[in-house]
Each structure stands twice: as structure tokens, then as C-alpha cells.
Amino acid sequence: MVNKTRIYAVSYLNSRALTYGLEHGGLDHGFELFYDVPSVCARQVRTGEASAAVIPSVEYARSPVPYAIVPGVSIASDGPVGSIFLFHKVPVHRIRTVAMDVSSRTSVALVRIVLHERYGLEVDSVDHPPDVSAMLERADAALVIGDPALEYTDRPEPRLDLGEAWRELTGLPFVYAFWAGMDGGLTPGEVELLIESKNQGMSALDEIAEVHAGDRSQPTSFYASYLRDHLVFDLGDRERQGLMEFYGLAHVRGLVPNVPELRFYPRQGRR
């Protein structure tokens with residue numbers, strides 16, 4: 001029996017472009033692919049249960065051992081992201097408590113940075129499942145991410161789009177997650193498969209949106225626009241600049257122990 005390489009991807013729509021080629025593109029691979037929320041994906045890599053995963057970017061900086069990143073692949077935005085919202089029932093400058101989506105890691109750090117850097121706020125937080133009504137009963141504001149946030153788009157409360165807030169603060173993209181794992185956890189050939197899977201997904205965004213829409217509240221066109229107009233799936237120079245800016249500000253705020261070097265898995269046939 002051949003041992004498969006266990007990997008985890010985020011269970012949200014925004015991750016499906018990264019795994020499309022593995023599941024639907026006919027790629028011949030030896031991966032055993034699982035899906036879960038970002039916090040669980042991070043834990044699976046940290047405990048060695050997975051060779052690699054789509055992990056929250058903040059967890060790369062928190063790992064006690066160095067991780068390596070699959071080059072050229074991320075979940076990012078360069079402006080409004082449309083799926084990471086801070087709903088608030090009081091004016092932003094009066095926010096003192098935030099109910100934080102328990103699925104999130106990176107966005108929890110991001111909201112603390114944005115509230116401090118833009119509004120001079122230090123907030124208390126409480127972990128909570130992503131239910132905006134219940135969250136706003138317990139706190140002044142509610143952080144909701146991913147697919148639940150997409151379904152809350154039509155809610156009446158004012159909100160901050162954290163991708164937009166970051167762009168206004170820094171002028172840079174924000175990187176929420178990327179494929180990463182222990183050094184040596186992926187072979188160069190497996191790295192190429194993950195890159196090709198993303199490339200195939202980029203050509204199938206309408207199909208991904210149609211499958212996701214199913215019996216959800218929004219039409220296919222809404223999810224297609226989200227994937228195409230709000231998200232960036234590359235990890236180029238500007239995305240890396242935004243990532244390092246995030247790590248620098250997170251370190252200043254005491255949210256990560258240091259500013260890590262970006263280390264990448266080697267690609268097949270490249271040095």
C-alpha cells in the first residue's frame with residue numbers, strides 16, 4: 001500500500017480555487033486531501049497530522065519550528081475582500097469589545113492591528129461561533145470570516161471590510177493564508193502539483209462558484225464576482241511585501257514572537 005501525503009485545505013469557497021486541479025483537473029497525485037476551518041488546518045500541521053495545509057498566515061510566524069511555503073500560491077486581497085467583516089453596533093471609535101469568530105486566526109490579529117493603527121483602540125475579545133446576532137448581543141462588534149461572512153452580506157449593520165481597511169492603512173495587499181508545512185514535508189514534484197492545481201482553478205472560477213451556490217442565499221454571479229474581483233490567488237512581490245508589513249505590525253503589537261523570514265519549498269527543476 002502506497003502511503004499518501006496528507007494535506008488540509010480551508011473548507012471555505014476561497015480555498016476551492018487552490019484545490020480545483022487536485023479534485024477536478026485530472027492531476028495524477030498522491031495527496032490525501034481534507035478540509036476544515038483555518039484554525040484546525042493550522043493545528044494539523046503543527047501536530048504533524050498533515051504534511052502541509054492552507055494555514056492562516058499568522059500561524060507561519062507563530063510556529064516554534066520553521067515552516068516552508070509553496071511559492072506563488074496564496075489567498076489574498078488587494079482591496080475589499082468581501083468575506084472578512086467587522087460588524088459593529090456602535091460607532092467604530094467606541095468599540096471596546098469584539099466577539100471573534102472561533103474559526104479565525106489571522107483575521108483576529110488583523111482586526112487588532114487595524115483598530116489600533118487607524119483608530120487608536122485596544123479592545124477586549126471573546127471567542128464565539130460565527131453568528132452575528134448572538135455575537136452583537138455579547139460585544140460591541142463581531143468579526144466574521146469566510147463563507148459565513150459571505151452569507152451575512154445583506155445584514156443591515158455597518159461593517160468594516162478588513163481587506164479594504166488594510167489597503168487603506170498600508171497601500172498593500174493582505175495575505176490571509178497559503179500552503180505551508182514542515183521543511184521537507186512536500187517533495188518538489190508535490191509542490192508543482194499544488195501550483196498547477198491553483199492554475200487550473202483560476203481558469204474555472206465560474207464553475208467553482210456555480211457548484212458552491214447550490215441552495216445558498218446568493219446567486220452564482222455573486223460568488224463568481226467574489227472569487228474573480230475580490231481575491232488574489234498569487235503570492236507575488238506585492239503580496240510578499242504586504243505579508244512582511246503584517247508580520248512587522250503584528251510583532252510590534254505582541255501578536256507574533258518575531259518577524260519571520262519567508263522560506264519556500266524548492267520547485268522541481270529549479271534552485
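Strand β7 (residues 97–101) pairs with strand β8 (residues 124–128) through 5 bridges, and the two run parallel. Here strands are DSSP runs of E with at least two residues, helices are runs of H or I with at least four, and both are numbered from the N terminus; a pair of strands needs at least two DSSP bridges between them. Within this pairing, T97 has D124 of β8 as its bridge partner. To get from β7 to β8, the chain passes through helix α4 (residues 106–119), making a right-handed β-α-β crossover (clockwise from the first strand over the helix to the second, with the strands pointing away from the viewer).

All of this comes from a predicted model, where local features need pLDDT of at least 70 and side-chain atom pairs count only at pLDDT 80 or more, while totals for chains, interfaces and linings use all residues. Residues are numbered from 1 along each chain as its sequence is written, and side-chain values use heavy atoms, with hydrogens and water left out.

β7 also has 3 bridges to strand β9 (residues 141–145), again parallel, and A99 finds its bridge partner in A142 there. Because 4 of its 5 residues are buried, β7 is largely enclosed by the rest of the structure (buried is under 20% relative accessible area, exposed over 50%, partly exposed in between; 1.4 Å probe, protein chains only).

Then there is S83, sitting in the loop between β5 (75–77) and β6 (84–88). With 2% relative accessibility, S83 counts as buried. Leaving aside residues up to four places away in sequence, S83 touches V144, I145, G146, A149, L150 and Y226, contact being heavy atoms within 4.5 Å.
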